[in-house]
Amino acid sequence: EKDDILQKNSGLIEVATPLLTLLYEFLAGSGFILVLTDKNGCILRMLGDETTLKSANKLNMVVGAFLDEKSVGTNAMGTAINENMPVQVSATEHFIKAYHQWTCSAAPIHDEKGTIIGTINLTGNRELVHPHTLGLVVAAVASIENQLINRLNEQRLRESARFVNTIMDSMAHAVLSVN
């Protein structure tokens with residue numbers, strides 16, 4: 001099932017990964033990890049500081065795990081999906097006691113129709129809580145959404161060009177066959 005989920009979300013992963021990588025270059029050594037989920041809160045990609053990744057892995061925060069509210073209660077990713085808005089959840093605001101060590105900032109990613117297709121989340125130790133973290137996530141999501149729209153527009157342009165070329169070819173054949 002994990003492979004199916006990753007395959008279904010390959011476009012999102014492809015667009016988001018370079019941005020996550022760029023963002024992590026600025027966050028390296030800060031104690032934070034970046035998490036990309038699908039629309040159901042399933043982790044698609046994680047990257048960040050090794051120590052924080054190991055701590056997250058011990059709590060089953062791994063690719064393929066579900067972090068929606070139904071699965072793990074209140075957390076930034078699940079709540080961002082449920083409420084369709086950016087959210088920061090820190091320390092004891094998390095439902096699961098083991099997550100009380102974290103501060104998490106997440107925002108939903110939307111497709112061109114406004115449908116939630118995933119989330120970006122920044123997780124770090126709760127002492128690192130800061131309002132700017134949520135701003136970083138919101139900016140990353142805006143960039144991903146714009147890239148997804150650009151990708152769709154490019155695809156539509158290519159389809160239109162193929163259509164026009166087909167008509168032009170048909171017209172050229174018609175003219176040649178008349179002559």
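Read along the sequence, the chain runs α-α-β-β-α-α-α-β-β-β-α, with 6 helices and 5 strands. Helices (H or I, at least four residues) and strands (E, at least two) are DSSP runs, numbered from the N terminus. This is a predicted model, in which local features need pLDDT of at least 70 and side-chain atom pairs count only at pLDDT 80 or more, while totals for chains, interfaces and linings use all residues. Residues are numbered from 1 along each chain as its sequence is written, and side-chain values use heavy atoms, with hydrogens and water left out.

**Whole chain**
- Of the 179 residues, 43% are buried, meaning under 20% relative accessible area (1.4 Å probe, protein chains only).
- Among contacts (heavy atoms within 4.5 Å) with a separation of 6 or more, 53% join residues 24 or more positions apart.

**Helix α2**
- The 18 residues of α2 should span 26 Å at 1.5 Å a residue, and the end C-alpha atoms are 25 Å apart, which agrees; the expected span is 1.5 Å times one less than the number of residues.
- A kink of about 35 degrees lies at Ala16, shortly before Pro18; the bend is the angle between axes fitted to the seven residues ending there and the seven starting there.
- Buried residues of α2 include Leu12, Val15, Leu19 and Leu23.
- Gly29, with a positive phi near 85 degrees, follows α2.

**Ile13**
- Ile13 sits in α2 (residues 10-27) and is buried, at a relative accessible area of 16%.
- Not counting residues up to four places away in sequence, Ile13 touches Leu6, Leu36, Leu44 and Arg45.
- The C-alpha atoms of Ile13 and Leu44 are 7.2 Å apart, across 31 residues of chain.

Notes. Buried means under 20% relative accessible area, exposed over 50%, partly exposed in between (1.4 Å probe, protein chains only).
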